[in-house]
Amino acid sequence: MVSLSWVTTGGFAILAVLCVCVFFGMRRLTSLAWLAATAVIATVQTAFLAEAHEVALSSIAVSVLTPVAYLCFGQAIRSALGQRHQNWGIYAVVGVLTALGVGLKLLDVPFVLRTPAFQAACALALFDSVQRLMKFPQRTGVENALLFVVGGVIAIYVFRGATYPLIFPTGMAYNVLRTGDVERATLILSALFSGLAVFLLLARIINGVIAKYRLRSECDSLTGLLNHQAFHKLGGVASKAGGSVIFCDLDHFKAINDRFGHLAGDKALCAFADLLRASGYQAGRVGGEEFAVIVPGLSGAATMIEADRVRKKFSDLRHGGMPADARISASFGVAEYGVGQSPQTAFARADAALYQAKTAGRNRVVKSEVQADAESAAA
C-alpha cells in the first residue's frame, strides 16, 4: 500500500509541475494558479497518506489537505468558467466537518466512527465543482466529462462514509482496514479519478485560452464584430437555404470626426455595431465606417424591413461627446443570394445598392434589383 501511495504522489507531482509550467507560460491565469495549488496540495496530501496509518500528524494532515485541495479545484473551475459567485455556505460546512474529523482524531475515536465526517467534507467540497459545472450553460464534451469524473469521486466518498461504519468492526485500526480490497479499490479509483479531473480541467483551460485568442484574431478591436478577413471567410460558405446580405455605413463620418473628434466617432461606431449585434445576425466591420451583415433564410424584402429598423433606431440615438440635438444617420444596401450560393456572391450587389442609397440622399435602405439567379447565370 505504501508503494501505491508513493506512485500516486509521483503522479500528482508530475501534474503539479505541468500546471505550474503552463501557469507561467500562459500569462499567469488565475484558473491555472488555483489548479496548480490543487495539484501541489494533492501531492503533499498523498505523501502524508503513505504514513497516515502510523503517524497521527500525517492522519490529521490528510484530513485537512484533502478537502482543501478539492475546494481549490472548485475555485479553478469557477475562474475557468468565468463565474464570480462564491458558495460560502458550502465552504463553512466543509470547514466544520473538517474540524470535527480532526477533533475526533485528537480524541482517539476509532477510524470507522470518525470517517463519515471526513468523507462528507470531501464530498461536499467536490459538490462545489459539480454545482458550478451544472450551472454552466455552454457545456461541451470536456465539461461533461469533467462533470462525470467529479461525480464519480463524490460517489466514492459517499460510499465510504455510508458503508464503512456498517461493514467494518468499530474498533478496526486503519492500518488493518487499508490492506483490505475495499479500501485499496476506493483509494485507487479516487486517485485515478482525481488525477483525471485535474488533467481534464487543465485541457479545458488551455483550450479556452486558444479559443479566446482565436476569437480575438477574428474580431475588430474597436467594435467586437467580425473583422474584414473573418467576415469574408464566413461569407464564402455556401448556404442551403439562401438569404440576404446588408452592406451599410455611417453617413458623413469624416465630417463627424472633424467636428466632434475621433473619440466621439469611435463611440458612434460602437453604438452602431451594438445595434447590428442585437439583430442576432452575423455582422462584421469591413472598413473604417463600413459594416456588413449576413441574414440567412430571409428574402430581400424581409431583410429591408430589418435594415430599416436598425436605421431608425440609429438615427434616433444620442451620442456621447456630441450635442444633444446632433444626430447621425446610416445608409443600407441589400442584396439576395440563392439556394446553394454563398453570401459572398451578393457582396458586390449589396455594395452597389449601398452606393445607390448614398447617391439618392443617404439615410435610407436600397435593395439591389439584380437577382441572384440572374447573376449566377450570367457568370
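Let me begin with helix H4, which passes helix H5 in a left-handed crossing, meaning that the near helix is turned anticlockwise from the far one by less than a right angle. This is a predicted model, in which local features need pLDDT of at least 70 and side-chain atom pairs count only at pLDDT 80 or more, while totals for chains, interfaces and linings use all residues. Residues are numbered from 1 along each chain as its sequence is written, and side-chain values use heavy atoms, with hydrogens and water left out.

The axes of H4, residues 88-106, and H5, residues 111-135, come within 8 Å and cross at roughly 160°; axes here are lines fitted to C-alpha atoms, for helices over the stretch in contact, and angles run from 0 to 180 degrees between N-to-C directions. That makes H4 roughly antiparallel to H5, a label given to angles over 145 degrees.

Which residues of H4 and H5 meet? On the H4 side they include Tyr91, Leu97 and Lys105, and on the H5 side they include Leu124, Phe127 and Arg132, where contact means heavy atoms within 4.5 Å.

Arg132, then, is found in helix H5, and it counts as buried because its relative accessibility is 0%, buried being under 20% relative accessible area with a 1.4 Å probe and protein chains only. Leaving out residues up to four places away in sequence, Arg132 touches, among others, Gly74, Arg78, His85 and Tyr91.

Finally, Ala76 lies in helix H3, residues 56-80, and also counts as buried, at 0% relative accessibility. Apart from its neighbours within four places in sequence, Ala76 is in contact with Ser31, Trp34, Leu35 and Leu201.

Definitions and conventions
Helix = DSSP H or I, 4+ residues; strand = E, 2+ residues; numbered from the N terminus. Parallel < 35°, antiparallel > 145°, perpendicular 65-115°, else oblique. Buried < 20%, exposed > 50% of the residue type's maximum accessible area, 1.4 Å probe, protein only.
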